[in-house]
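I opened the model to look up a few things and kept notes as I went. The entries follow in the order of my reading.

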Amino acid sequence: MARNIMSVFGPNGRAAGAEAPAAADAAPPQGAAKQSAPLALMTLGKTLVFKGELSADEDLVLFGRVEGSITHSGSVTIALGGVVTGNVAARSITIRGTIDGDVEASDSVTVAPSAVLNGDIMAPRVSIVDGAEFNGSVKMPPRAAAETRKAAYKPVVPAPRPEVSAPLSEPQAAQLLGEHPER
Amino acid sequence: MDSDKPKDDGSILGPTLRFKGELTAGEDLLIEGHVVGSIKHTRRLTIGPQGHVKAQIEGHIVSIAGTVEGDVQAQTSVAVMETGHLTGDVRAPSVSIVDGADFNGNVIMDTSKRSRSNGRDTEKR
């Protein structure tokens, strides 16, 4: 399973690398039908057709078709070949397939080169990779965006340090140390 | 490459999944989540121990280890496992109910459709 994902999305390099290990850990073994181990990743195969409302908490990879809405609290991936006709709401959404509808994420939306998206995006962080087909508008909630950016921001330039090339003169040092030279 | 990948192990609807509406599928499917509405299926369908289905089910081979409220119709067989709870009618050429299963409903067996004549059926409450 994971190997296959890797082979399909291999050329996307970064995205595949980030996702494949998770899939390998979570992919259930062939005979999992008898067990009921908690699943971290759920795969909806390509012959599956959902008409209606779908909601879930565990990470979801959709190869099939959903006609209706998806409400999710984790990460949703619409894989290559996956089709959604309806709105999608989740924490983070990765689109490699097709969506006709609005996409709303509390964290981020990624539109991969193979994706077709007809609808609006609402998320604090949005990336649309060159090659993706996208018709719609992007709305970033201002305050949330600022907070997320602030949280994600790591300064590259270190904070300025005082110059210490020349030793301070006696009065300067005294002043800096908060002492009065007279005393 | 893409086409034969998910078919291999089928799909699993995890325990946190909630779906309301019509579900159709053509691959082996294990339901551990909650489904309300209808399920149309062409292969092996398993309602796992954590599965909760309130739906009309149409399938080929249906195996119930979870809770099902609704009528179940299968072209080949229906099996209610030990952990299964079924409230509804069963219509299939071959039906098996394992000792310990919870079943309330009618069984309508069309044995003429049965492919093999060795299908034994036990019905217990």
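Before reading any pairing, I noted the rule: two strands pair if DSSP finds at least two bridges between them. Helices (H or I, at least four residues) and strands (E, at least two) are DSSP runs, numbered from the N terminus.

I also noted the ground rules: this is a predicted model, in which local features need pLDDT of at least 70, side-chain atom pairs count only at pLDDT 80 or more, and totals for chains, interfaces and linings use all residues. Residues are numbered from 1 along each chain as its sequence is written, chains are lettered from A and ligands numbered from 1 in the order in which they are written, and side-chain values use heavy atoms, with hydrogens and water left out.

**Entry 1: strand 10 of chain A**

I looked up the neighbours of strand 10 of chain A. Strand 10 (residues 103-111) pairs with strand 8 (residues 88-95) of chain A in the parallel sense, over seven bridges. In that pairing I found Ile93(A) with Val109(A) as its bridge partner. Strand 12 (residues 121-122) of chain A also runs parallel to strand 10, joined by two bridges. There, Met122(A) is the residue that Glu104(A) stands opposite. Strand 13 (residues 125-128) of chain A pairs with strand 10 too, in the parallel sense and over four bridges. Val111(A) has Ile128(A) of strand 13 as its bridge partner.

**Entry 2: charged side chains on these strands**

Side chains of opposite charge can pair when their charged atoms come close. A salt bridge here is a side-chain nitrogen of Lys or Arg within 4 Å of a carboxyl oxygen of Asp or Glu. How many salt bridges does a search of the whole structure find over all chains? I noted four.

One of them is between Arg91(A) and Asp107(A), at 4.0 Å from N to O. I checked exposure next: buried means under 20% relative accessible area, exposed over 50%, and partly exposed in between (1.4 Å probe, protein chains only). Arg91(A) is partly exposed at 36%, and Asp107(A) is partly exposed at 21%.

Asp107(A) also forms a salt bridge with Arg125(A), where the closest N and O atoms are 2.9 Å apart. Asp107(A) lies in strand 10 and Arg125(A) in strand 13 of chain A, so this pair ties together parts that are 18 residues apart in sequence. Arg125(A) is partly exposed, at 35%.

Arg43(B) sits in the loop between strand 4 (34-41) and strand 5 (44-47), and Asp28(B) in the loop between strand 2 and strand 3 (29-31), 15 residues apart. Arg43(B) is partly exposed at 33%, as is Asp28(B) at 27%. Back in chain A, salt bridges that share partners join Arg91(A), Asp107(A) and Arg125(A) into one network.

**Entry 3: strand 1 of chain A**

Is strand 1 (residues 41-44) of chain A covered on its faces, or which residues lie there, buried or exposed? Both faces are covered: Leu41(A) and Thr43(A) on one side, Met42(A) and Leu44(A) on the other, are all buried. Strand 1 pairs with strand 3 (residues 59-62) of chain A in the parallel sense, over four bridges. Thr43(A) stands opposite Val61(A) of strand 3. Strand 3 is in turn joined to strand 6 (residues 75-78) of chain A by three bridges, and the two run parallel. The bridge partner of Val61(A) in strand 6 is Thr77(A).

**Entry 4: rings between the chains**

I looked for aromatic pairs, meaning rings of Phe, Tyr and Trp (its six-membered ring) whose centres lie within 6.5 Å; planes under 30 degrees apart count as stacked, over 60 as edge-to-face and the rest as tilted. The search of the whole structure gave one pair over all chains. Phe50(A) and Phe19(B) form it edge-to-face, at 4.7 Å centre to centre and 75° between the planes. Phe50(A) lies in strand 2 (residues 49-56) of chain A and Phe19(B) in strand 2 (residues 18-25) of chain B, so the pair joins two chains. Phe50(A) is buried at 0%, and Phe19(B) is buried at 2%.

**Entry 5: chain B as a whole**

Chain B has one helix and 13 strands. Of its 125 residues, 46% are buried.
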